[in-house]
Amino acid sequence: MLKSYLKIAWRNLLKNKVFSFINISGLAIGISACFIILLFIQDELSYDRFNEKADRIVRVVFKSSVNGGKINEPFVMPPVAQTMKNDYPEVEEATRIRTYGNPKVSYGDKTFQNGSFAYVDSNFFKVFTIPLLRGDASTALQQPNRIVITEETAKKYFGNEDPIGKVLKFYNGTSLYTVTGVIDKIPANAHFHFDMLGSMSSMQEAREQNWMVSNYFTYLVLSKGYDYKKLEAKLPAMVEKYMGPQIVSEMGMSLSQFRTKGNELGFSLEPLTDIHLHSDGHSEMEPGGNVQYLYVFGVVAIFMLLIACVNFVNLSTASASKRAKEVGVRKVMGSLRHDLIWQFLLESLMVTVIALILSIILAQLALPVFNDLAGKNLVLGFNAKTILSLLALTFLVGLLAGTYPAFFLSSFKPVVVLKSRLLQGKMSVILRKGLVVFQFLISVGLMIGTITVYQQLKYIQNKQLGYDKDQLLVLNNSWALGKNEQVFKEQLLKDARVLNVTTSAYKPVGPSYSNNTMIYPDGKDNLVTRMLRYDIDEQYIPTMGMHILAGRNFAKTFSTDSTGIIINEAAANAFGWGKDAVGHVVTYANYNGKQKKEFTVIGVVKNFNFRSLHEAITPLVMVLQPQWGLIIKVKGRDVSGLLAAMKKQWAKFNTDEPFDYVFMDELYSKTYIVEQKTGRILNIFAALTICVACLGLFGLSTFTAEQRAREIGIRKVLGASVGQITNMLSREFIKLVLFACFIAFPLSYWIMHQWLEEFAYRVPISWWAFLIAAFVAISIALATVSFQAIKAALMNPVKSLKME
């Protein structure tokens, strides 16, 4: 019986080549897209789960609100880890990470500066599952000035020599670190990556009981089965006990007085496995993902698969008349209804299996392109779990696409169909129309979403940021020139291709130095505000193209500018000064809150975006104390020639550092790389969805033209024109597309409004985006249907009437 079913299924596939092609290709595109998106989602959800204790690890987050300025930082104070380990028995381990950039490292006569470095506690490897290839994990980082490096770093520094016991020089030889361990690469699906891990005991600051500085990413391992929310509820008592006395000492008020003024501070806990997708991304060690985009891609994958299934259902029910006599004869010959149901389901499964094989090939071909777009390294591997998942998906899609047609076709009564009286039921027609509406609802929605994403990305690229990001050249490692940095700067200023140069390591975009400073306006300790501080020189503001709104810029002619300060509009408004900020005095405390210094406001700079456009502009101050780092404003012509001259001049200083530069606009673009990739991926999937929907529409229009061939022939004989017949056949489908647009518009508006809410600065949703989506959908549908309609209208009526 099974063999008979398979033969009949195969013959039907060959007999109806057009419909078979539409069903198989639609399902293949849908399944391959589903594969790729599921691989992407699986990879995003796998972050940090390689750790054996992943379900028990939480990170401590510092949260506060001071004079309206909200702080949500993933790093906390040095003593938090040990305090929580001592005070709470449910905390089994507590470890810290202190990032330290890319320091200059020397070994022998070789110098390097392209490896990321972090200080970690000695129990780091007890918390995170990162096995050592060489060395003892329990003792490798116990002593000061010890370091564990990756195998790749070891080969780069030492070649084939044994790295254990080798001594690396840091910071121009002022610090020596002995290699005590070698690890493999930190897994790609971790939320941090470092090439070198130094012992935390090397840092004096890490041993201080200072609750006023927060630079330490702190992780806890909790007891098995313990609910971290219970520990979180205990943290206010820790704040009261340990932070309270230092607040009294620094601010001259108790914690309760601090809170009565509307301020708040405390800690929360964040599960390790939530960091990549659920963290707000601000001040993270690396950019994370966005769980909202996973929902979007997941829904797109499901809808693409459903649209392919809809094609199958539509074409199967629409072509019922072709199978009606077959069903009638089989029932007369003794076939039971459940036998027919199994036959039609088997046909559906056969189509799905063929589509599955084709989809695997398509997915394999498309995966490199997707990896390039998404910045991933996904691989379509075939293990037992994958194979079972594919089989389950095939079975599910086969049932989803074939169940209704199977029950519908097997329900025909032999007496009716053998007398050629089969009529399409009203419910069957309504279902087909509803499914066409569903297909184009999704297609129109995706087009509106794609247009809105494009508009927002364009807005981001063209927004007035408060500074000019174009033609700004950044030299991050100019510190390597030492005393020659000023000489190099003066030589650049003599070049006609250079407009200006400033000395500062502070950039409003991309990786940048940052200092959070406690600011007391007018010396009032009870009005403290924590904000970002830029250390700049007098050329920073003109070089960056910023604008002074009140007062003046720093100038060499004013010796008092060493105690002068420039604030942004947000700071002036936060202090309640508005346009009258110049002349006010502020006191700021250094990074550990121990030293205070008074400054006089000499100018107010126009607000500029120094964080992502997801965030509103917050208060910021600038002080005249340049350290290192060069930002160069260049003219638009002969930039390559200027770079070559700079590289040549750099080499003359005999520094071990390579000439390394980046343009500010490139850093800006990288800030929104996630949104850019999402936009490109949405474009592709929107196009594929429309393609699959049009395949189904093409099949339905083909069948409609065949079914109404006799009617078309009679109308032509009676004088109907080709245009009238084309209009008659197309009108019904265009109505369905218009109805789909009517439903899609409000849904799309609501969804895109929610997405845009993530940006502090955003575009309004344009009305013309809806018109374009509707126009494209109608045009594509009309082109698809008209092809078959015109073909039917041009047919010789004699042939169609003979055929009937």
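The legends below describe an overview and several close-up views of one predicted model.

In this predicted model, local features need pLDDT of at least 70 and side-chain atom pairs count only at pLDDT 80 or more, while totals for chains, interfaces and linings use all residues. Residues are numbered from 1 along each chain as its sequence is written, and side-chain values use heavy atoms, with hydrogens and water left out.

**Overview. The protein chain and its secondary structure.** The protein chain holds 25 helices and 24 strands, where helices (H or I, at least four residues) and strands (E, at least two) are DSSP runs numbered from the N terminus. Of its 804 residues, 53% are buried, a term that means under 20% relative accessible area, with exposed meaning over 50% and partly exposed in between (1.4 Å probe, protein chains only). Among contacts (heavy atoms within 4.5 Å) between residues at least 6 apart in sequence, 79% join residues at least 24 apart.

**View 1. The packing of helix α16 against helix α19.** Helix α16 (residues 484-493) packs on helix α19 (residues 639-651) at an angle of about 150 degrees, and their axes are 11 Å apart; axes here are lines fitted to C-alpha atoms, for helices over the stretch in contact, and angles run from 0 to 180 degrees between N-to-C directions. The two helices, α16 and α19, are therefore roughly antiparallel to each other, the term applied to angles over 145 degrees, whereas those under 35 count as roughly parallel, 65 to 115 as roughly perpendicular and the rest as oblique. At the contact, F488, Q491 and L492 of α16 meet M646, Q649 and W650 of α19. The residues of this contact divide into four nonpolar, two polar and no charged, with Ala, Val, Leu, Ile, Met, Phe, Trp, Tyr, Cys and Pro counted as nonpolar, Asp, Glu, Lys and Arg as charged, and the others, Gly among them, as polar.

**View 2. The surroundings of S504.** S504 is placed in the loop between β15 (498-503) and β16 (515-521), and S504 is buried, with a relative accessible area of 3%. A polar atom of the S504 side chain lies 3.0 Å from the backbone oxygen of D535. Not counting residues up to four places away in sequence, S504 touches D535, I536, Y540, W628, G629, L630 and I631.

**View 3. E569 in helix α18.** Helix α18 (residues 569-574) contains E569, which is partly exposed at a relative accessible area of 26%. Although E569 and V605 are 36 residues apart along the chain, their C-alpha atoms are separated by 6.5 Å. When residues up to four places away in sequence are not counted, E569 touches L549, V604, V605, K606 and N607.

**View 4. The side chain of N123.** N123 lies in the loop between β6 (117-120) and α4 (124-127) and counts as buried at 12% relative accessibility. Its side chain reaches the backbone oxygen of A94 at 3.0 Å, and the side chain of N123 also makes a polar contact with the side chain of T95 (2.9 Å). A polar contact is a pair of N or O atoms within 3.5 Å; within protein, one must be able to donate a hydrogen and the other to accept it, and residues adjacent in sequence count only if both atoms are side-chain atoms.

View 5. D48, which is not a glycine, has a positive phi of about 70 degrees; D48 is found in the loop between α2 (17-45) and β1 (57-66) and counts as buried at 1% relative accessibility. N145, also not a glycine, has a positive phi of about 55 degrees. The loop between β7 (132-134) and β8 (146-150) holds N145, which is partly exposed, with a relative accessible area of 27%.
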